[in-house]
Amino acid sequence: MSDVSQPAAHPPVTDWVNDFDHTDPQWTDDPFPIWEELRAASPVVHTERFLGCYMPTTYEAVREIANDTEHFSSRRIIVRDVRPEVARNAAPPITSDPPVHKPAKQLLLPPFTPDAMKKLEPRMRAICNELIDGFITDGKVDAAARYSKYIPVQAIAHMLGIPESDSDLFINWIHMILELGIKDENKLLQAVQEMSDYFRAQIEERRSKPTDDLISYLMNAKDKEGQPLEESHVLGSLRLLLIAGIDTTWSAIGSSLWHLARTPADRERLIAEPGLIPIAVEELLRAYSPVTMAREVVKETTISGCPVKAGNMVLLSFPAANRDPKMFPDADKVVIDRRENRHAAFGLGIHRCVGSNLARMEMQVALEEWLKRIPDFRLDPAGTVTWSQGTVRGPRQLPFLLGKAM
Amino acid sequence: MAERLKVHVDPDKCQGHARCKALAPELFELDEYGNAHEAGDGTVPPGLEGKAWLAKSNCPEIAIDVIEE
């Protein structure tokens, strides 16, 4: 039985190297100096929190772990306070290990190729402009709550064939799973249950009335023996697409706007040279990577010379890897025309984000449409920027003043 | 005379990040899964050498070779 007791508050961190905690408010507000301190200490650090957890701090250590599916399992992908039994088909293929990973991933890849994303682009531009219409004359806006938040959720709802008007429901589930769920098992279970019930009803509707969306696509998919997927697999993959498709890109768009609000020179350059936006998006992805995944150590090994023991989790911080000065010159600076940029924002190895082409397209379109219509904006000194906690990092409140400063 | 370049994608390493296709669309193609391979026999036409090196230096999986012949 799962632990249903109240979530425990975490004591504040005083020793980052030996007792790190990625849910600590100091980390949530500004993780960058913390990562530098950890990286200076060791390529792999350890905390007793979360029932034992390592964190690789260098790009090389992150790459080693991401490519080592023998010692590191994806059956748990969030570092949490509890380790309940692993659910079957939790969210394939992100929760799958070889050899079952590959066929599950291959099912999802064709709908997310760059060419498939091109077809979605006009709808994305319309979504961005509809959102901008809603606040452009107000002179101020919370750009996270009224812009970045709704772009990816409407895109993935469109692809899944579920109502875009249910966006707030989906966003709440994601918050329960990826943030509150780190410390509160009940919240996570409740959201997973509600999400599964929602998709079960959608599947039922499509049995009599097939559609051409991703739900029907998965219902019609065959495994490598030519058999339809088990219902638990269809549900798991649908949960994954919804969970992975929302606050990840919401965060990336929000962080990008946050950067541009504070950096007029970069903003002016992108307005003057819109052709640079795709390159700038890569740099913003590197510098403000939203997603930190997890692995579970299932066999003892060493990483960058550091022994790691089975039974511990790994906080696989692609964001920290992307700030490694050994890999990126001026790693702590945003260089919007950085040409060599082997960043790991979408992961490395077999679990490369299936939605990376979608996320890139959304970011490019969201910035292009925003800069076209709102070339001048800045942080509202009367407001506060707040950041999400845990698995995905991005601004949740982003108060802006629109127009030229008086 | 300038060296002739060829690009090659290691299919075992490629994970479909598609950076090569975005940066050098003349030199790479994607399959139905979005995984990359070199266009034709990988020969880099004159003038596209810079794009070949750019694709190589942006591949997160280090899956691209640029071969100087």
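Contact here means heavy atoms within 4.5 Å. Helices (H or I, at least four residues) and strands (E, at least two) are DSSP runs, numbered from the N terminus.

A few ground rules before we start. This is a predicted model, where local features need pLDDT of at least 70 and side-chain atom pairs count only at pLDDT 80 or more, while totals for chains, interfaces and linings use all residues. Residues are numbered from 1 along each chain as its sequence is written, chains are lettered from A and ligands numbered from 1 in the order in which they are written, and side-chain values use heavy atoms, with hydrogens and water left out.

**Exercise 1. Check the length of helix α11 of chain A, then work out what covers its buried residues.**

Step 1: get the expected span, which is 1.5 Å times one less than the number of residues. For the 14 residues of α11(A), 231-244, that comes to 20 Å, and the end C-alpha atoms are 20 Å apart, so the two agree.

Step 2: sort by exposure. Buried means under 20% relative accessible area, exposed over 50%, and partly exposed in between (1.4 Å probe, protein chains only). Eleven of the 14 residues of α11(A) are buried, so the helix is mostly covered. Among them are His233(A), Gly236(A), Arg239(A) and Ile243(A).

Step 3: look for the cover. It includes α4 (101-108), α7 (150-160), α8 (167-178), α9 (185-208), α10 (214-220) and α12 (247-262) of chain A.

**Exercise 2. Work out which way the side chains of strand β2 of chain A point, and which strands β2(A) pairs with.**

Step 1: recall the pattern. In a regular strand the side chains alternate between the two faces of the sheet.

Step 2: read off β2(A), residues 53-56. Cys53(A) and Met55(A) point one way, Tyr54(A) and Pro56(A) the other way, and all are buried.

Step 3: find the neighbours. Two strands pair if DSSP finds at least two bridges between them. Strand β1 (residues 44-47) of chain A is joined to β2(A) by four bridges, running antiparallel. Strand β8 (residues 313-316) of chain A is joined to β2(A) by two bridges, running parallel.

Step 4: follow Cys53(A) across. Thr47(A) stands opposite Cys53(A), and in β8(A) the bridge partner of Cys53(A) is Met313(A).

Step 5: inspect the turn. β1(A) and β2(A) form a hairpin with five residues between them, and Phe50(A) in the turn has a positive phi of about 55°.

**Exercise 3. Describe the contact between chain B and chain A.**

Step 1: count residues. Chain B gives 19 and chain A gives 22.

Step 2: get the buried area, the accessible area (1.4 Å probe) that two parts lose on being put together, summed over both. The two chains bury about 1,700 Å² between them, 49% of it on carbon and sulfur atoms. Gln15(B), His17(B) and Tyr33(B) supply 32% of the area that chain B buries against chain A, more than any other three residues.

Step 3: look for charge pairs. The rule finds one salt bridge across the interface. Arg19(B) pairs with Glu282(A), the closest N and O atoms being 3.4 Å apart.

Step 4: zoom in on Thr113(A). This residue is in the loop between α4 and α5 (114-133) of chain A and counts as buried at 11% relative accessibility. Leaving aside neighbours within four places in sequence, Thr113(A) is in contact with Asn357(A), Asp31(B), Glu32(B), Tyr33(B) and Gly34(B).

Methods
A salt bridge is a side-chain nitrogen of Lys or Arg within 4 Å of a carboxyl oxygen of Asp or Glu.
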